[in-house]
Amino acid sequence: MSPTSVSSVAAAVRSGATTATALLDEHLARIAGRESEIHAFNLVTTETARAQAAAVDAAVARGDDPGPLAGVTVALKDNMCTRGIPTTCSSRILDGWTPPYDATVVERLRAAGAVMVGKTNLDEFAMGSSTENSAFGVTRNPHDTARVAGGSSGGSAASVAAGFSQVALGSDTGGSIRQPAALCGVVGVKPTYGYVSRFGLVAYASSLDQIGPFATSVEDAARVLDVIGGHDPNDSTSIPQQYPSLVESLGRDVAGLRIGRITDLPGGAEPDVLERLEAAFDALRAAGATIVDVEVPALTYGLSAYYVIAPAEASSNLARFDGVRYGLRVDASDTNSMYGATRAAGFGDEVKRRIMLGTYALSAGYYDAYYGKALKVRRLIHDDFERAYQRADVLLTPTSPCVAFPVGAKGDNPLAMYLVDVYTIGTNLAGHPGMSVPYGTGADGLPVGVQVLAGTLQEPTMFRVGAALERSMS
Amino acid sequence: MSDWELVVGLEVHVELATATKLFSASPNRFGDDPNTNIDPVTLGLPGALPVLNGHAVELAMRIGLALNCTVQPCTFHRKNYFYPDMPKAYQVSQYDNPLNVDGWLELPGGKRIGIERAHMEEDAGKSTHVGGSGGRVHGAQYSLIDLNRAGVPLVEIVSRPDIRSAEEARQYVTELRAILVAVGASDAKMEEGSMRVDANVSVHHPGTPFGTRCEIKNVNSVRSLGRAIEYEMRRQIDLVESGGTVRQETRHWDENDGRTHTLRTKEDADDYRYFLEPDLVPLAPSADWVEKVRAALPVLPAERRRRLATLTGQPADGEAVSSVVERGQDAYVEAVAHVGGDAARALVYVKEAFADEGDEPRVPAADIAALTQMEVEGAVTATQAKAILADLLAAGGGDPAAIAAAKGFEAIDTSALEAVVDAAIADQADAWAKFCAGDGKAMGAIVGAVMKATQGKADGKIVTAILNARRSS
C-alpha cells in the first residue's frame, strides 16, 4: 500500500522507501483507467511528468533533498502558464499557443519536488460553475459521471477526487475552487487576495482571481499552500510579507474560537446541504467553540456586483486575444474584420456573453450606473464582513446551495448557473480567504461541502477550523 | 473682424530615459532591430503582469517638480482600445489621479504657461503601413508591427490653454525640451519621436468664451508646430467668418501641403472604458522621496539664462545667452570667468571651444580665460585672438601668451602705428579724400592697407581712432 498523505509521500520519497517514478506510475495507471469517462484533463503530460519524477529520484540518489513535495503528483488548471506545454484555458482562441514561461506557482511546485501530471479542464477562461463551458468537452464528477464536477476548476477537483493526482491547483474568482471541491468531495482553498502570486495565471477578473490548492485533506492543502504562497516581485498585487506556516496551525483545537452564523444568508440552499451545515456547527460547538450570530446584509447584492465587476475586467483582459500575435487567427479582408472573425470563432457563448456584459458596464454613460455602483457594493460587502469578523473568528456557510447536478441541467439558463456561486462570491469581492471542507453526503449520497470563511490573512484560523471539522468526521 | 485671438493648449508626450520599460525588464532603446526588445509583458502574453519601474517614477517626478507641479498619490487606469500595435488592447495610463498636477512653465520673456498635469503612461508599438500612400493605413496592403517601443515609459505633459501665439507655442516647446534635457528625464528629440507634440487650437474674440477646439497631430518639429498652428488659426477664422462653425475633431498636419486634414470627428471617437488597473497598486511617493528628488534637481534653464546674462551683460532672452544655455555650455563660460577670464568674450568663443554637439570642451577654461584677458588688456587684437584660438583648438590647449609670442603678435606701439597709418593715408589719397568728405566706407581701403603693412598685427579699433583723430584735426 502506497503512502497517501503529502507528508508521508514526501517522507517516503526523500528516504528512498519509494520512488517518485513508482508513485507517478500508480497515478498514470488510474488516469488510464478512468480518464476517458471523467475527462479531467486537457492534456496528460506523461513525458514531462516522467522526467520530473526521474529528476526527483536522481536527487534522492545523489543525497540531495528534492523538497517538501518530493514525488507529490499535482494537476494544474489549464489557465496556468507552463513553459513549452500548451496552455489553453479550454478555449479555441489560444489554439496552438505555447507559453515561453512558467507561472510562479509552477516554478515553486517544481522547486519543491512536485511532479506535474497534466493540465486540467475548466470552464472556458474560468467562466462557469460546471466545467460544461469548455471548448474541449465536459468534465464529469468521479462520484457520479452523469453529474458535473462543478467549476470552473472542475478538472482539478475531479483529478484529486479520482486519484489522478494527489493534489491540484485551481483558480477561484467567484468560487471556482471551493464549489467544485464541494461537489467532488475534496478540500479546496481560496486564499486571501495576494497570498499566492498570479504571475502566469491567465487573467479572468484580475482583482478577484486567486490560485489555491485542492487536496484530499486539510493538512495536504496546507502543505501545498505553504509552498506556493508568499510574496512574488513579479506580481504587484502579491502581499509583501512572510506568512506563518499553515501546517503548524493545524494541531491547535478550536476551543474558545467564535464561529459565526450568518443570519441573513441569502436563501436557496437545499435541505440536505443545510442539514450538513448544522452538523458542522454542532461538531464545532462540541469541540469547544462558541457559535455567534452575525449579519452580512450587503451579501445579498454580491452576485449582482460580481456579474458587473468580473465581466468588466474580463472584457479588458480578454481583448488581447485578437488574432494578431498568437493563438487562433481567422483571416479576413481588413484588421477589424479579422478581429471579429477570430473572436467569433475563438470564444464560446459564455465568454462572449461576459465580454458583452462587461463592455456595456464600462461604457460611457453606463459606467456610474453599473460598474461604479458595483464597486460601491463591493466596498459595502467588504465592510460588512469586516464587522462580522469583529464578532466571529470565522464564518460557516454552505459552499454550494446544492450537490452536484446532472450534466446539462442548467446549461440553458445562465442565471440559474450563476446562483450556484451565491455563497462563495462575497469572499472574492472582499478579498478574504475561504475554504471548502467535505462534510458528509447529501441527496443521492453525493458529497456536501461546508465553507469556512475568515478575514484577511486569517488563514491559520481558517485551517484550524477546517482541520477540526475534518477530525469530527473521522 | 480683426480682433481674433488664438488659444492654444499643448499636449506633449516624452519618452523617459530609463534603461528598461515601464512595466518590464526589456531595454528601452531606440533604433534596435524590430521586435528584439520584447518579453511576455511587452507582448501582452496571457498571464504576464506589470511591475512598475521605480526609476521611471523618479524621472516623472523630476519633470513634475521642474514644472512646479504638486506630486501626489496616484493610480493607474486601463485605456481600452483595439489596435494591432497595442498588444494588451489597453494602454496603462493615469486618469483621474495623475502623479503631477497644477504647475507652470515660464517662457524666456517671463510669461507663465499653466501645466494642468504631467502623468505617466506606457507607449504603444510602431506600425509601418506598406503599399498605401504616404505611409497611411488607408489603402495599405499590409502593416508591419515593431513592439520595441511598446511599454516604453512616457510622461504626457498637458498645458492649460494659456498660449496665445504660434511663437509662444514654439517657445513653450523649446523651453520644455530644455528642461527635460536638463533634468535628465528624456533626450526629447522630436525627430526621433522621443518628444511628440499635439496642439489644441481654437480661436475666439477676447472677452468671449473659447471657440471649439481642434486637436492637431503629426507635428514633427518646432517649426512645423508654428506652421500648423498658424494654418489652423487661419482655417478656423476663415471658416467662422464665412458663416461656418468649427467642428470638434482631430486633424492631421500634412508637412508637404502645409495644411491640416480631418483625421476623425468627435462622433467616431473611441469609448476608452477607463477603469482602475487591477494589476497594479496605487502609487504614493513618500514625502522623503519627493524632497530627495526635488533637492537633486539641477539648476533649470531659466535660472541659468539669468545667471549667464548677469555674468556677460547680455540679455537673458537674447540668442547669444539662450543658445549657450540650450547647448549646456554656460557652465564653461562661468568657469572661464571664475579663473579671471572675460565672460562676454568667453560667450563668443564658447561654441568653438566645444566640438559639434560634444559634451567635453576641447580647450581648458583657464586657457580661454588667459586669451580673453590678453584681448581685453589690448595685448592682442580680436583678429589675433582668433588665430590663437585656432591654435589652442588644434592643440587641445596651450599658453596663449606663448602662442602670441611665437606668432610675433606683440602689440605694435601707438607711435609706430601712427607712422604706418600716415603712410597709408598718403598711399590711398583718393580714399582719404572720400573719407574726409564723409564717406565712411572709404575708411576700409586705408585700414586694409594698414593691416597689410603690419601683417594683421594692428588693432583695428586703434587704427580707426587714429583715422578719426586725423580727419577732425
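The notes below go from whole chains to single residues and then to the contact between the chains.

**Entry 1: what I am looking at.** I remind myself that this is a predicted model. My local notes keep to residues with pLDDT of at least 70.

**Entry 2: chain A overall.** I counted 15 helices and 13 strands in chain A. Its radius of gyration came out at 21 Å, close to the 23 Å that the globule rule gives for 474 residues, so I can call chain A as compact as a globular protein of that length. Along the principal axes, its C-alpha atoms fill a box of roughly 65 × 55 × 45 Å. I found 61% of the 474 residues buried. For contacts in chain A with a separation of 6 or more, I noted that 76% are between residues 24 or more positions apart.

**Entry 3: chain B overall.** Here I listed 16 helices and 14 strands. Buried residues are 42% of the 473 in chain B. Taking contacts in chain B between residues at least 6 apart in sequence, I have 67% joining residues at least 24 apart.

**Entry 4: a helix pair in chain B.** I then followed helix α8 (residues 330–338) and helix α10 (residues 365–376) of chain B, whose axes come within 8 Å and cross at roughly 60°. At that angle α8(B) and α10(B) are therefore oblique to each other. I wrote down the crossing of α8(B) past α10(B) as right-handed. Which residues meet here? From α8(B) I have B:Y332, B:A335 and B:V336, and they meet B:A365, B:I368, B:A369 and B:T372 of α10(B). Sorted by class, this contact has six nonpolar residues, one polar and no charged ones.

Entry 5: I stopped at a cis peptide bond between A:G151 and A:S152, with omega at about 10°. A:S152 sits in the loop between β5 (144–148) and α5 (154–161) of chain A.

Next I looked up two positive phi values. A:T131 is a residue other than glycine, yet its phi is near 55°. I placed A:T131 in the loop between β3 (115–120) and β4 (140–141) of chain A. Is A:T131 buried or exposed? It has 34 C-beta neighbours inside 10 Å, so I put it down as buried.

A:D444, also not a glycine, has phi near 60°. This residue belongs to the loop between β12 (434–441) and β13 (447–454) of chain A. I counted 11 C-beta neighbours inside 10 Å for A:D444, so this residue goes down as exposed.

**Entry 6: where the chains touch.** Last, I turned to the contact between the chains: 32 residues of chain A are in contact with 25 residues of chain B. On the chain A side, α9 (302–317), α10 (335–346) and α11 (349–362) each supply at least two residues. The largest share of that side comes from α9(A), with three residues. By class, the chain A side that touches chain B divides into 16 nonpolar, ten polar and six charged residues.

Conventions: Residues numbered from 1 in each chain as written. Chains lettered and ligands numbered in written order. Predicted model: local features only at pLDDT ≥ 70, side-chain atom pairs only at ≥ 80, totals over all residues. Helix = DSSP H or I, 4+ residues; strand = E, 2+ residues; numbered from the N terminus. Buried ≥ 20, exposed ≤ 12 C-beta atoms within 10 Å, placed from the backbone. Contact = placed C-beta atoms within 7 Å. Axes fitted to C-alpha atoms, helices over the stretch in contact; angles between N-to-C directions. Parallel < 35°, antiparallel > 145°, perpendicular 65-115°, else oblique. Left-handed = near helix turned anticlockwise from the far one by under 90°. Nonpolar A, V, L, I, M, F, W, Y, C, P; charged D, E, K, R; others polar. Rg over C-alpha atoms; globule rule 2.2 N^0.38 Å.
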